[in-house]
Amino acid sequence: MTGPTPSPTKEHGLHLLREMIRIRRFEEKCAELYGSGKIRGFLHLYIGEEAVAVGALQALRPDDAIVATYREHGQALVRGIPATSIMAEMYGKSGGCSRGRGGSMHLFDAATRFYGGNAIVGGGLPLAVGLALADQLRGERRVTACFFGDGAVAEGEFHESLNLAALWRLPVLFLCENNLYAMGTAIERHQAQLDLMLKARGYRVAGESVDGMDVLAVQAAAEHAVAHVRAGEGPFFLEAKTYRFRAHSAYDPELYRPKEEVERWKKRDPIELLLARLRESRLLEPADLERIEAEAAREVAEAVAFAEASPWEPVEDLLRDVSAEAPRAGGATPAAATAAVAGATP
Amino acid sequence: MKTTYRDAIRAALREALQKDPRVFLMGEDVGRYGGTYAVSRGLLEEFGPERIRDTPLSESTFVGAGIGAAMAGMRPIVEVMTVNFSLLCLDQIVNNAATLRHMSGGQVSVPLVVRMATGAGRQVAAQHSHSWEGWYAHVPGLKVVAPATLADARGMLWSALQDPDPVLVFEHATLYGLEGELPDDAGAVDIARAAVRRPGRDVSLVTYGGTLGKTLQAAEALAKEGIEAEVLDLRVLRPLDTAAILASVAKTRRAVIVDEGWRSGSLSAEVSARIMEGAFYDLDAPVARVCSAEVPIPYPRHLEEAALPQPAAIAEAARNVVRAHG
């Protein structure tokens, strides 16, 4: 899959634009709310990387599964988790998509098979392998898409998971969002081999690298990758080369990268690239963009209002959801079970 | 019928695989090799490679895959060869299995069973002999069980599979060859309560897993001296059956905790603390503990034996608390 992608229809082009702008405006608001103390803890913004989630998720069906990282607001929004419940989660309110227990890094939604929000780098890959194993065992033609960053490539779980998924031909799309930094460590300083395709090839995993700033290219590559996986051909490794415009988290003074580098990448802003493309193809009128911006602003405003109004969970519920409410005892009644264990001696 | 601990676990695995199509077994050498401790021998032939799955040496990923499959509604049984190797998948167990229900606000359930061998006594030195189950018993979101009898080896697995949360099953490596009688219709047992394995009035000996047999031997020796020890098998290390511990201590007024884990920051410390919190005024003597010496388990037999709780030391500790009548 190389070369320029064909122009989208106007409808689809605007859809992609709308999704990227939704993420951008939502996160800009999050940054502001972090500043005002409404959102606490860690806040990892996706700004600059929107084309990856938006492009990739076009290739998925509603019954496919997603495992994401702590930088997952974009995936969650595109997947269809309401912005209201995502924002309430950021606030830690009971109306949050994880009832406030997870926060920004742990967005979950069983209804859309969105399995988090994993904040251990590399920790989500084995989960994706297991979700895919369950599908394979049950004969389901579903795909599990697993997002992770370039930092995860240094973790043992990356290597174990690619190997196991390839060995068992599991339907996993491994999607590496290579934003060139593992927190503050440049990829040149954490990888001996910078060509990540070679790592996939080393495990006999099919792979492709794509310009992660070009949403149309990401979508095309993801569709190709998902078709491979859904056809039962085994896992696929898709690398999206992208860049994070904002700091790693709110605590990051960005001492590790020159401002010029950031500015250079901002010239390839995925939203601007798509806008240029749509204008070039005469698929965008000023009114379209105004409408999209107005819709995004309204969605963000509603999300904030919902989060503000959402109640705090009562502290009496502190111990909720540590274990299931009422674990079932085994087949035996307690009395019978006690008799049974008392019957044997070691 | 006459059976062994190993065969009892195999019978439990077979029953689970027969009864529930969602169950599969996965781990290192569980298939063609027949299981490191021969527990799963014959199961590959009976149930096939889809359900008896040999894995690469990738503890973190195959345990994580078990978690993922459990989230998706399967009932995986993952065998980690020994608890010593489970440190390679500690992240998956502690950061994923134990937290996903909570972090997801109750949306995700992880009905996973992880079986591991634990403990010393076979001269396999410091990287194959430790007892880390107390660490796991520290973690909210996990259930930790330790079958010490044939009935529990046979019956705990099914109950663990019915539990909607992750259950870790610790099989002491010296128990696999344990022989005894088990009723033909032996089946599921509870995984909630401790069990009195020997009633007594003079001192409570609280233990679990691999040290139950040694503790019962100590109780036999004490009985010959006129000291009637009650032996309480914890069975479930998390959540602890505190009521059973306190009830025994309320009766005997003395307690010795026997744990193959080390003493510092340990499960034995937790049991002792609960007795102090809940039965302080029932006690006639300070709580005593018999634990492993604070040394990586050494290879030579005489040093390994010296490092581990032994019947003589257990009996001596019991005599001391009985003599220390307040």
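Select chain B to start: of its contacts between residues at least 6 apart in sequence, 78% join residues at least 24 apart. Keep in mind that you're looking at a predicted model.

**Stop 1: chain B as a whole**

**Stop 2**

Now give separate colours to residues 2-181, which are domain 1 of chain B, and 195-323, which are domain 2. The contact between them takes 23 residues from domain 1 and 19 residues from domain 2.

Stay on the domain 1 side. Three elements to pick out there are helix 6 (133-136), strand 6 (143-145) and strand 7 (167-172) of chain B, each of which supplies at least two residues to the side that touches domain 2. Which of them gives the most? That's strand 6 of chain B, with 3 residues. By residue type, this side of domain 1 divides into 11 nonpolar, 9 polar and 3 charged.

**Stop 3: over to chain A**

Select chain A, where the cartoon has 12 helices and 8 strands. The C-alpha atoms of chain A fill a box of roughly 80 × 50 × 40 Å along the principal axes. The chain has 346 residues, so a compact globule would have a radius of gyration near 20 Å; chain A has 22 Å, which agrees. Buried residues make up 53% of chain A. Take its contacts with a separation of 6 or more, and residues 24 or more positions apart account for 75% of them.

Colour chain A by pLDDT. The average is 93, and 93% of the residues score at least 70. Then jump to residues 326-346 of chain A: pLDDT stays under 50 over this stretch, for which the model has 56 contacts beyond four places in sequence.

**Stop 4: where the chains meet**

Show both chains and pick the residues in contact across them: 47 from chain A and 59 from chain B. On the chain A side, highlight strand 2 (114-118), helix 5 (124-138), helix 6 (156-167) and helix 12 (334-343), the elements that give two or more residues. Helix 5 of chain A gives the most, with 9 residues. Colour this side of chain A by type and it divides into 26 nonpolar, 15 polar and 6 charged residues.

**Stop 5: the nonpolar core**

Which residues have the most contacts inside the largest nonpolar core? Show Cys146(A), Leu173(A) and Leu238(A), then Leu157(B), Leu205(B), Val256(B) and Ala318(B); the core they belong to has 208 residues. Helix 8 of chain A, residues 215-230, provides the largest share of this core with 10 residues. In chain B, the core draws at least three residues from each of domain 1 and domain 2.

Leaving out residues up to four places away in sequence, Leu157(B) touches Ile9(B), Ala12(B), Leu13(B), Ala16(B), Val113(B) and Val169(B).

Technical notes: Residues numbered from 1 in each chain as written. Chains lettered and ligands numbered in written order. Predicted model: local features only at pLDDT ≥ 70, side-chain atom pairs only at ≥ 80, totals over all residues. Helix = DSSP H or I, 4+ residues; strand = E, 2+ residues; numbered from the N terminus. Rg over C-alpha atoms; globule rule 2.2 N^0.38 Å. Buried ≥ 20, exposed ≤ 12 C-beta atoms within 10 Å, placed from the backbone. Contact = placed C-beta atoms within 7 Å. Nonpolar A, V, L, I, M, F, W, Y, C, P; charged D, E, K, R; others polar. pLDDT = per-residue confidence, 0-100. Core = buried A, V, L, I, M, F, W, Y, C linked by C-beta atoms within 7 Å. Domains from an automatic or database assignment.
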